[in-house]
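Trainee: I would like a close look at a single part of this model. Please take me through it step by step.

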Amino acid sequence: MSSREDILARCRAAEPENYEMPVLDDIQAIKYNDTQKQFISMSEAVGGKVVLLEERSVDELVRELFPQASQIASNLPEVTIATLNPDIVQEAGDLDGTDVGIIRGSFGVAENGCIWIPQTMKEKAVCFISENLVILLPKDRIVNNMHEAYREIEFGPYPYGTFISGPSKTADIAQVLVMGAQAARSVTVVLV
Amino acid sequence: MSTAHSKKASAFLKNKDYTAWHDGTFWSVREKRDRMAAGLPEWEQLRDKASAIKRHTLSHLADYLEEFASNAEKNGVIVHWAADAGEFNAIVLEILRAHGVRKMVKSKSMLTEECGMNPFLEAHGIEVVETDLGERIIQLKGQKPSHIVMPAIHLSHDDVGRLFEEKGISDDIGNHDPTYLTWRARLSLRGEFLSAEAGMTGANFGIASTGDIVVCTNEGNADMSTSCPKLHIAAIGLEKIIPNYDSLAVFQRMLCRAGTGQPTTTYTSHFRGPRPGGEMHIVLVDNGRSSWLSDEDHRETLKCIRCGSCMNTCPVYRRSGGFSYSYFIPGPIGINLGMLRSPKDHSGNLSACTLCLSCQSVCPVKVNLGDQIYRWRQQLRDFGTYNMGKKMLSDTLSLGYGNKGLYDTATALFPAANIIPESVIPFRLRFPKKPFHSLIKELEDE
C-alpha cells in the first residue's frame, strides 16, 4: 500500500464519531461606523503610513515621498517613472536594490490593516524585495473584518495572493521591535 | 523529588536577573494578548467556533485530506504523502536532488525540526539556510528553539552581537544594537535568498476547498524564500488542514492575537500553485498524527494551531525557559506532544505544570492542555518514572482523607507532635491544638 492510502486508511480508522461543522454565519463580528478611519488607525498601529492621493498623480506622490529613490519598480499603467517592470525582468533577483515598489491592492480590512494583494505581476518579489513598498488602494473598498475579507478575495492571473499589513518586522533579538526584517522596511498605503 | 524538568529548571533559575526578565517578557506578551481579546466582543464566540471547526475537521480528516490533495493537484502542485520522518526526509532529498539543489532557504517550520530534516539534508551535502531571524540566530549558534514563536528568546542582544561578529555578519565590532544587528542579518540573508535554488515553507493552514496553503509571518521571509528560487517545497502536518475560507477567517483572526498580541501577522500568504516557470511540492506528513487521532484522551492536542499562547501564560514555562523541557516544543502543548511522541522519554516534563489551567483558558482553539497533563500523570507508574516517596505520601493522605474516623483520630493525635523539640527533627511542627472537625462543631454549637 502506498503511503497515501495507508495514511488515509489509518485516519479513517482513528477518526472519532462525527462532529458537525459549526454554523459560522452567526459570528457577531466587529463592525465599525467608519471603516476608513479604523483602517487608517490600524495601519499606523502596525507601522504603516496612509496618505490620500487627492489631486496628485501617483508619480508626483512617489517623488514627493521618496525624493532620493533611483530604482523604482512597478507594472502599473499609471506609474510612468518606473525604472524596472516586474513583468519583464529576467528573474526575481533583478529587482534587488529596488528603492520603491508600487503595487495595487484590491481591498483593505479595517480590523487589522490588512490589504489583499493578488499577484498581478510575473515576479511577486517586487512586493517583498523593495526597500519601500507603496500600495494603491481604492478608498471605498474597505471591509470590516476577515470574515468579510475571505468572502471577497479573488486571485489574479497567478496562483498567489497575500494580505499585507504594514512593513516587515521582527522582535527576534531581545524582543526589541525592528521594522525591516527580510522584506519591505516601510509600507505607504495610498488611498485613491 | 526532582524530575528531569525540575533539575534543568533549577539551573535556569540560578540567574535571577535573567529569570525575572524572561518571566516579565512573556507576561507582557500575555497582557498584549489580553488586550487583543478584550478588543473583540466576539472573542469567546470565536474560540468556541475554532474549537468546533477543528473537532469537526478531525472527525472527517481523511475526507478533508483527499479534498485538499485533489484540489492542490488540480492547481498544478505535486502532492506527496509521508508516513513518518524518515519518509519525509527522503522525499525532500529526492526532490532537491532531481533539481540539482545545493542550497535551500527555508522559513520557520516546527515540522522539519520534528523530523530532523536539516541535519539529514546537510549530511547529504545540501546547505539549509533558516530565514526567520530567530531561527537563523539559533542555527548559527548550533542550538534548538526555546519557544515556538520566539525561538531565540534565550539569547540577549550581546549574545547575538558576539555571534554575528564571529560569523562575519556584522563588522561594527561592539555594536550590539538590535536594529543594527537585524539589518546586518537582513543584508546577509538577502544574498542567501538570491543564491538558493529552492525555498521551503511550512504552512499554518491547508485549505481543503481550494488547495491553498496559508503561511503567516511577520518578517516576509516565507515570501522571500518562494519569490526568488523557482522550486517551492511546503511541509505540512496532517492536522493543519481546515475546510474552507470561512473557517480560515476564524483562525486567522485568532492566531496572532493569541500568540503575540498583534491584530494580524504582517503577511498572510496564500500559495495556490507553482510560480511561473517553477514547481511547487506539498508534503503531507503523518509521523504519529493518525495514531494520536485514535487516542480518545489526547486527540484534542491535534487541534493546536501553534500560536504559543499556552507557553506565554504558563507560570512554569515563564520561570524555567524552553530548554528545561526534554521535548523540542516546550510549555503545556510541548508537554502533551512529547508524551504522545514518547512517554518514556518525556514524562519528566509532566511535573512542569501547576494545573492552574491558565493555558487552556487562553488557548484560542480550547485544547484542554492541563486536563490532559492531569490524565498523563495518572499513568506515571506505567512509564516507570513515578516517584515512590510521593506515591506513598499521597496514598497515606488519601487513606486519611477518605475515612472520617481515621481522619479525626489522626488529627486529634497530631497536636502531640507540637512538643517534639527541634533537636529531634530539624524543624518545628505546628498543628492546631484541636482537630478540624471539633473546631467546626464548636463553631456550629455557638
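Mentor: Start with I117(A), which lies in strand β5 (residues 115–118) of chain A. Helices (H or I, at least four residues) and strands (E, at least two) are DSSP runs, numbered from the N terminus. This is a predicted model: local features need pLDDT of at least 70, side-chain atom pairs count only at pLDDT 80 or more, and totals for chains, interfaces and linings use all residues. Residues are numbered from 1 along each chain as its sequence is written, while chains are lettered from A and ligands numbered from 1 in the order in which they are written.

I117(A) is buried, because 23 other C-beta atoms lie within 10 Å. Buried means 20 or more other C-beta atoms within 10 Å of a residue's own, exposed means 12 or fewer, and partly exposed is in between; C-beta atoms are placed from the backbone.

Now its contacts. Two residues are in contact if their C-beta atoms, placed from the backbone, lie within 7 Å. Leaving aside neighbours within four places in sequence, I117(A) is in contact with I103(A), G105(A), C127(A), G161(A), T162(A) and I164(A). A69(A) is another matter: A69(A) and I117(A) are 48 residues apart in sequence and 23 Å apart in space, C-alpha to C-alpha.

Follow G161(A) next. G161(A) stands opposite H270(B) in β9(B). Strand β8 (residues 160–164) of chain A pairs with strand β9 (residues 267–271) of chain B in the antiparallel sense, over five bridges. Strands pair if DSSP finds at least two bridges between them.

That takes us to the contact between the chains. Chain B gives 74 residues and chain A gives 60 residues. On the side of chain B that touches chain A, 34 are nonpolar, 26 polar and 14 charged. Here Ala, Val, Leu, Ile, Met, Phe, Trp, Tyr, Cys and Pro count as nonpolar, Asp, Glu, Lys and Arg as charged, and the others, Gly among them, as polar.

L65(B) shows such contacts too. Not counting residues up to four places away in sequence, L65(B) touches L8(A), C11(A), L238(B), I241(B) and L284(B).

Finally, confidence. The predictor gives the complex an ipTM of 0.98 and a pTM of 0.92. Chain B averages a pLDDT of 94, and 98% of its residues score at least 70. pLDDT is the predictor's confidence in each residue, from 0 to 100. Where pLDDT is low, the predicted coordinates should not be read in detail.
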